[in-house]
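Please open the structure in your viewer and keep the sequence beside it, so that each selection can be followed from one stop to the next.

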Amino acid sequence: MRKLVVWNLMTLDGYFEGTKSWEIDFHNLAWGPELKRYAEQFGEEGDLLVFGRKTYEGMAAYWPTAEDEDKIKSYMNGIAKIAVSRTMTDPGWNNARIVSDPIPELTRLKQEDGKTIFIFGSAALADSLLRANLIDEIRVCLVPVILGGGNPLFKANEAQVPLRLIESATTQSGAVILRYEPVRS
C-alpha cells in the first residue's frame with residue numbers, strides 16, 4: 001500500500017502563501033543545503049505528484065524551464081503528475097494527466113504497488129483529502145517568519161485532527177521540518 005504525503009512550507013503564523021497567489025518569497029528564508037537535500041529525496045521516495053489546479057499551473061509554468069536545481073528539475077519534469085481540476089482540459093506538462101474527482105482516484109492509487117504519492121502546495125486539495133482520511137503523513141517546513149496575512153495552510157474545520165509527531169529537524173536557517181501522521185481512532 002502506498003502512502004499519501006502532504007509537503008508544504010508554512011510561516012510561523014500558518015500561511016503557505018501570501019495574500020496573492022504564488023506569493024511565496026518567504027521560502028527563500030528556509031532554503032539552504034538541508035532543505036535542498038530534503039527536496040531531492042522526494043524524487044527518490046516518490047513516483048507520483050498530485051496538485052490542485054492553481055499549484056499545478058504554477059509548477060507547470062516554472063519547472064520545464066527552471067535554470068537551477070538540476071536534480072530537482074529532472075524529477076519534477078519526469079515524475080508522473082496529476083492535476084486535480086474540473087476545468088482544465090490539457091495538462092500541458094510532461095507525464096501529467098487531469099483528474100476531476102481525486103478521492104476515488106487516490107483511494108485506488110493508494111492500493112496499488114508503488115512509491116509514495118506526494119501533494120505539494122495545494123492546501124485546499126490537501127484539506128479535502130485529510131477530511132476523507134486519505135492523508136498518511138503531513139510534512140511541514142516551518143519558516144521562521146511571521147507573514148501577517150495570506151492563505152492558511154490548514155483550513156477551518158469543525159473537528160480537531162489529532163497528529164502524532166514522527167520526526168523533527170532544524171536547519172541552519174532556523175527552519176524546522178516537521179513530520180506528522182494523523183492519529184486514526
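Predicted model: local features only at pLDDT ≥ 70, side-chain atom pairs only at ≥ 80, totals over all residues.

Residues are numbered from 1 along each chain as its sequence is written, and side-chain values use heavy atoms, with hydrogens and water left out.

**The largest pocket.** Start by selecting Trp22, Ile24, His27, Thr55 and Met59, which are the closest to the centre of the largest pocket among the 41 residues that line it. A pocket here, on a 1 Å grid over the protein atoms alone, is an open set of points with protein on both sides within 12 Å along at least five of seven lines, and lining residues have an atom within 4 Å of a point. Its space comes to about 1,200 Å³, where a volume is the space filled by probe spheres set on grid points joined across faces, edges and corners. Select helix H2 (53-62) next, since this helix gives the most to the lining, with six residues; helices (H or I, at least four residues) are DSSP runs, numbered from the N terminus.

**The largest cavity.** Now select Val6, Ala123, Ala126, Asp127, Leu130, Ile135, Ile138, Leu153, Phe154 and Lys155, which line the largest cavity, a set of points where a 1.4 Å probe fits but cannot get out. The volume of this cavity is about 90 Å³, and H5 gives the most to its lining, with four residues.

**H4 and H5.** Select residues 102-111 for H4 and 123-131 for H5, which pack at an angle of about 65 degrees with their axes 11 Å apart; axes are lines fitted to C-alpha atoms over the stretch in contact, and angles run from 0 to 180 degrees between N-to-C directions. H4 and H5 are therefore roughly perpendicular to each other, a term that covers 65 to 115 degrees. At the contact (heavy atoms within 4.5 Å), Pro102, Ile103 and Leu106 in H4 meet Leu125, Ser128 and Leu129 in H5.

**H1 and H3.** Finally, select H1 (33-45) and H3 (70-78), whose axes lie 9 Å apart at an angle of about 30 degrees. H1 and H3 are therefore roughly parallel to each other, which applies to angles under 35 degrees. Here Lys36, Ala39, Glu40, Phe42, Gly43 and Glu44 in H1 meet Lys71, Ile72 and Tyr75 in H3.

How values were computed:
Helix = DSSP H or I, 4+ residues; strand = E, 2+ residues; numbered from the N terminus. Parallel < 35°, antiparallel > 145°, perpendicular 65-115°, else oblique.
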